[in-house]
Amino acid sequence: MDKSNNKDKSSQPYSQEPFILYAVLPSSASFVQPLKLNKDMIQKDVEFMLNANSTPNKLPLYRILVNGHPCSLLIDSGASANYIHPRLIPYVSKTAPTIQGQSVETANGQLTAISKIASFSIALGDYTDRIEAYVFDSKFDVILGRSWLSQVQPVPHWPTGEWQI
């Protein structure tokens, strides 16, 4: 059997043929309507997904030092714990494995396994502290969550984005 004419379509990033997506549209009498997707639409979606993590946000980020290394910090009352990005592992004092089965649920409902916890010091202006944080790949270097907020009890000044510690 000659396999030279059979190209593996799974290795091609996009098909040359238009995709057809069937969507049920809400109405009093539901029906199925084909929606044709061309490669330009797919390319735009791919570019959006690849760049979604790098889009600027309006969250107040602070410059801190993690064991003397400059990085950014997000104070997040919606996060139950503290988190540090894996790229900062070379700058932490120590890491240890977490309890098996530990995971974090992100705002979109996705569960991600957590396997390490890190210990390190932070410096933010005159404020210094010793932090334990789960190692978690997010778009932020360090996230201080409710565990830190309830321990330190900083007072926010919402109009300026400043915190009194």
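These are my notebook entries on what I looked up in this predicted model.

**Ground rules.** I number residues from 1 along each chain as its sequence is written, and my side-chain values use heavy atoms, with hydrogens and water left out. Since the model is predicted, local features need pLDDT of at least 70 and side-chain atom pairs count only at pLDDT 80 or more, while totals for chains, interfaces and linings use all residues.

**Overall.** Of the 165 residues, 25% count as buried, where buried means under 20% relative accessible area, exposed over 50%, and partly exposed in between, with a 1.4 Å probe and protein chains only. Among contacts (heavy atoms within 4.5 Å) between residues at least 6 apart in sequence, 50% join residues at least 24 apart.

**Aromatic rings.** My next entry concerns ring pairs: rings of Phe, Tyr and Trp (its six-membered ring) pair if their centres lie within 6.5 Å, and planes under 30 degrees apart count as stacked, over 60 as edge-to-face and the rest as tilted. By this rule I noted 4 aromatic pairs. Tyr-83 counts as buried, because its relative accessibility is 9%. For Trp-158 and Trp-163 I noted ring centres 5.6 Å apart and planes at 75°, which means that the pair is edge-to-face. Trp-158 is exposed, with a relative accessible area of 66%, whereas Trp-163 is partly exposed at 22%. I also wrote down that Tyr-83, Tyr-134 and Phe-136 form one aromatic cluster.

**Pockets.** I then turned to pockets, a pocket being, on a 1 Å grid over the protein atoms alone, an open set of points where a 1.4 Å probe fits, with protein on both sides within 12 Å along at least five of seven lines; lining residues have an atom within 4 Å of a point. The largest pocket has a volume of about 710 Å³, a volume being the space filled by probe spheres set on the points, which are joined across faces, edges and corners. Of its 25 lining residues, those closest to the centre are Glu-105, Thr-106, Ala-107, Phe-136 and Ser-138. Strand 7 (residues 103-105) gives the largest share of this lining, 3 residues. The second largest pocket has a volume of about 210 Å³, and of the 13 residues that line it, Pro-60, Ile-75, Asp-76, Trp-158 and Trp-163 are the closest to its centre. Strand 4 (69-75), strand 12 (155-157) and strand 13 (162-164) each supply at least two residues of that lining.

**Positive phi.** Most residues other than glycine have a negative phi. I noted Asn-67, in the loop between strand 3 (61-66) and strand 4, with a positive phi near 50°; Asn-67 is partly exposed at 31% relative accessible area. Gln-153, in the loop between helix 2 (146-152) and strand 12, has a positive phi near 55°, and Gln-153 is exposed at 60%.

Technical notes
Helices (H or I, at least four residues) and strands (E, at least two) are DSSP runs, numbered from the N terminus.
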